[in-house]
Amino acid sequence: MLNYNNLDNLFLLIKTLSKSEKRNFKLYIGRIKKNKEAKFLKLFKIISKINFYNKKKILENTPITKKQLSNIKAHLYKQILICLRLQHNKKYYDLKIREYLDFAKILYNKGLFLQSLKFLKKAKIIAKRYESYTMLLELIEFEKMIESQHITRSIYSRSRELSIESKELIEKVKCNNALSNLSLELYDLYLKVGYVRNEKDKIFIETYFRTNIPKFNTKKLNFYEKLFLYQSQVWYHYIRQDFIMCYQYSYKWLELFNNHKTAKKIVPVSYLKGYHYLLNALFYLNYYSKFITILKKFEKEVKNNEIIFNGNTQILIFMYKYTNQINKHYMEGTFLEGVKKIIPPLLKDFNKISNRLDTHYIMIIYYKIACLYFGSGDYKNTIQYLLKIIENKKKNIRKDLQCFSRLLYLIACYDSGLDENMYQKIQSTYKFFIKMEDWDIVQKKIIYFFKNIGNIYPHQIKGQFQKLKDNLIKYYNHPYEKRTFLYLDVISWLSSKIENKSIENIIKEKFLKNKNNIV
């Protein structure tokens, strides 16, 4: 697998270009005759052909010397970005605003104040249409400077109008920034620590949310302010494990886009995230029928190209499509079917974009795959994918994901018969939980069970499984202890041991029994 951080930036940029973008770049460069034989164009052609960045191959196939390569790469990189900016200028409203602002500044510096104001007016119309208040404030501040320093023959009240408009915008931007900051900070907390683990965590997150959410009038909130508000509420309730509230706010999140159709094209990433968190909430609530309805709607929009497809959305569509398809098989207990239907296309698509996935996404995919294999009884592949998480030394992997990967690893090793050095594995897991300060009652009981299992006679094992199940099931709906069951269906695993059935059959029977009553 390619590591995004170790790849050459120019190589990555060229590999993300579409056919039309490559064609457009060649036309852009070809407008100047001498460019046809330029070294940077030859560099572009050779990098377009190779699958991996190879400095030696580049130097062998171009008239570029080793000393020249760095500068030519920098020049090519800049030219590609300039070309992309020109090509997508009409597609992205913020690029058009920036273009008009650039024109306004050029005209202003030439003393053509009235012409400069005309371009500012055009830019403001676009900024207002898309509720881009930060950019609008920048435009107004520039307009204020022109009006205050130069004779523009504008009406007398214009300066006062600009001052009032500026003050109103500053208040809007303040509210917008406060809500976006809260959303971002809560999301960061969610990624770092996952769910609340105890009363101390609960008090902290509730106090943090209450003291950081700004005062606002819901009726006066614009699209982005509502979006940041709903996002903040979703992260907040996720951390608190209140999935009913998560469902309600993720539904509002998605409905916001349905009421602002153009927003789907402007911020498609946020639209996709809304879909994902709605599906996630339904999964944790075990609301199967609604989950299937929303998943089909999502897949239909993707298939019909109703969601803008670019480098960012490609990654999210990959993540959300496969994680939720896997979740569907978890709910149904159809693990073997999931392995056959999902794993081959997932790995094929994964190899295409793995160099652009961050570590967090990669580890989530590995854990989902490991759980699917575990449910199907394939412990070899379960262990293989769990080790990819356990052996990863990156610091930005969620602590909860690391901890529960180790717990499932112990279970998979036990079930597979690979229980040599089991004591060392248990000790390693125990130390890791202590180090991560992620140590609750359910986890302790599972670890202690494995520590003592070597001292149990074979005829007593089933009874010990029953005893552990009876002990754990008491915590199934506990406000903090239940989080283990969100990551790992340990109750179904214990039931499979007690009843001498596969985990797949245990979950499938439970699903079929309750299918009509799942809410």
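User: At what angle do the axes of helix α20 and helix α21 cross?
Analyst: Roughly 165 degrees. The axes of α20 (residues 399-416) and α21 (residues 422-436) come within 10 Å. Axes are lines fitted to C-alpha atoms, for helices over the stretch in contact, and angles run from 0 to 180 degrees between N-to-C directions. Helices are DSSP runs of H or I with at least four residues, strands are E runs of at least two, and both are numbered from the N terminus.

User: Are α20 and α21 roughly parallel or antiparallel?
Analyst: The two helices are therefore roughly antiparallel. The cut-off is over 145 degrees for roughly antiparallel and under 35 for roughly parallel; 65 to 115 is roughly perpendicular, and the rest is oblique.

User: Which residues of α20 and α21 make the contact?
Analyst: Among them are L407, L410 and Y414 of α20, and I426, F432 and F433 of α21. Contact means heavy atoms within 4.5 Å.

User: How do the residues of that contact of α20 with α21 divide?
Analyst: Into 11 nonpolar, 2 polar and 3 charged. Ala, Val, Leu, Ile, Met, Phe, Trp, Tyr, Cys and Pro count as nonpolar; Asp, Glu, Lys and Arg as charged; the others, Gly among them, as polar.

User: Where does this model come from?
Analyst: This is a predicted model: local features need pLDDT of at least 70, side-chain atom pairs count only at pLDDT 80 or more, and totals for chains, interfaces and linings use all residues. Residues are numbered from 1 along each chain as its sequence is written, and side-chain values use heavy atoms, with hydrogens and water left out.

User: Next pair. At what angle do α11 and α14 cross?
Analyst: Roughly 30 degrees, with the axes of α11 (residues 223-239) and α14 (residues 268-285) coming within 12 Å. α11 and α14 are therefore roughly parallel. Their contact includes W235 and Y238 of α11 and Y277 and Y284 of α14. The residues of this contact divide into 7 nonpolar, 3 polar and no charged.

User: Zoom out. How many helices and strands in the protein?
Analyst: 26 helices and 0 strands. The C-alpha atoms fill a box of roughly 95 × 65 × 40 Å, taken along the principal axes.

User: What percentage of the residues is buried?
Analyst: Buried residues make up 50% of the 519. Buried means under 20% relative accessible area, exposed over 50%, partly exposed in between (1.4 Å probe, protein chains only).

User: Is K265 buried or exposed?
Analyst: K265 is exposed, with a relative accessible area of 61%. K265 is found in helix α13 (residues 263-266). The C-alpha atoms of K265 and I307 are separated by 7.2 Å, and the two residues are 42 apart along the chain.
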